[in-house]
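Here is a short note to read beside the model. Please follow the points in order.

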Amino acid sequence: MQIRSDHQNQQIIGFCIDGACPNQKLFCHLCLPSHIQHISKLTSEELLSGWIKERILAAQDIQKNIQECKIALDRLINLFFLYNNFNIQQLTELGLSKIDQLIKGFSQIGDCEEKLFKQLKQSIEQTKSFVNEIIKKIKNQQVYLIFNIMITKLRIISTN
Ligand SMILES: [Zn+2]
Ligand SMILES: [Zn+2]
C-alpha cells in the first residue's frame with residue numbers, strides 16, 4: 001500500500017471497521033494506539049475483503065430464512081384453499097357437534113394467525129426501512145461513486 005503524507009510518511013498497515021470509532025479509518029503504527037480499545041475491529045486489506053464477503057454471506061443467510069418463511073406461508077395458504085372448497089351443505093353431513101368443533105378450531109387458528117401476521121408485518125416494515133437505510137449509506141459513500149465510474153469505464157473498454 002502507498003505511503004501517505006498525512007501519516008508522516010508511515011506505511012498504512014490496516015483499516016478500522018468499528019462504526020463508533022471517530023478516528024481516521026486508515027492507520028499506520030503511529031495511529032494504532034488511538035484504535036487500541038477496539039483491536040478486534042482492526043483489519044488489513046485482505047481481511048477487509050473477507051469482512052465484505054461475510055456481509056454478503058450474512059445477508060444471503062437471512063434471505064434463505066425469508067424464502068423458507070415464504071414456503072411455510074404457501075403451505076398455509078394451500079391448506080386454507082383446501083377448506084375453502086367445502087360448502088356448508090357438505091359440512092352439515094358431518095353432524096352439528098363436528099361442525100361446532102371445526103368452527104372452534106378455525107376461530108383459534110384465526111386468532112393465532114392475526115397475532116403472527118401483525119408481528120410479521122411490523123418486522124417486515126422494520127426490515128425494509130433498515131435495509132433501505134443501509135443501501136442509502138452504501139450509495140452515499142464517495143467510494144461507491146468512484147467504483148461505479150470505474151466499472152462503467154471497464155465495460156466501455158471491454159465492449160470496444
Ligand atoms: Zn497514521
Ligand atoms: Zn478505530
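**Notes on the model**

1. Start before strand 1. Asn9 sits in the segment that precedes strand 1. Helices (H or I, at least four residues) and strands (E, at least two) are DSSP runs, numbered from the N terminus. Asn9 is not a glycine, yet its phi is positive, about 60°. Asn9 is exposed, because 9 other C-beta atoms lie within 10 Å. The cut-offs are these: buried means 20 or more other C-beta atoms within 10 Å of a residue's own, exposed means 12 or fewer, and partly exposed is in between, with C-beta atoms placed from the backbone.

2. Now take Gln8. Gln8 also lies in the segment before strand 1 (14-16). Its phi is near 50°, positive in a residue other than glycine. Gln8 counts as exposed because it has 10 C-beta neighbours inside 10 Å.

3. Where does the model come from? This is a predicted model, in which local features need pLDDT of at least 70, side-chain atom pairs count only at pLDDT 80 or more, and totals for chains, interfaces and linings use all residues. Residues are numbered from 1 along each chain as its sequence is written, while chains are lettered from A and ligands numbered from 1 in the order in which they are written.

4. Check the confidence. pLDDT is the predictor's confidence in each residue, from 0 to 100. The protein chain has a mean pLDDT of 85, and 96% of its residues reach 70 or more.

5. Look at helix 1. How many of its 40 residues are buried? The count is zero, and helix 1 is hardly covered. Helix 1 (residues 45-84) reaches 59 Å from its first C-alpha to its last, close to the expected 58 Å at 1.5 Å a residue. The expected span is 1.5 Å times one less than the number of residues.
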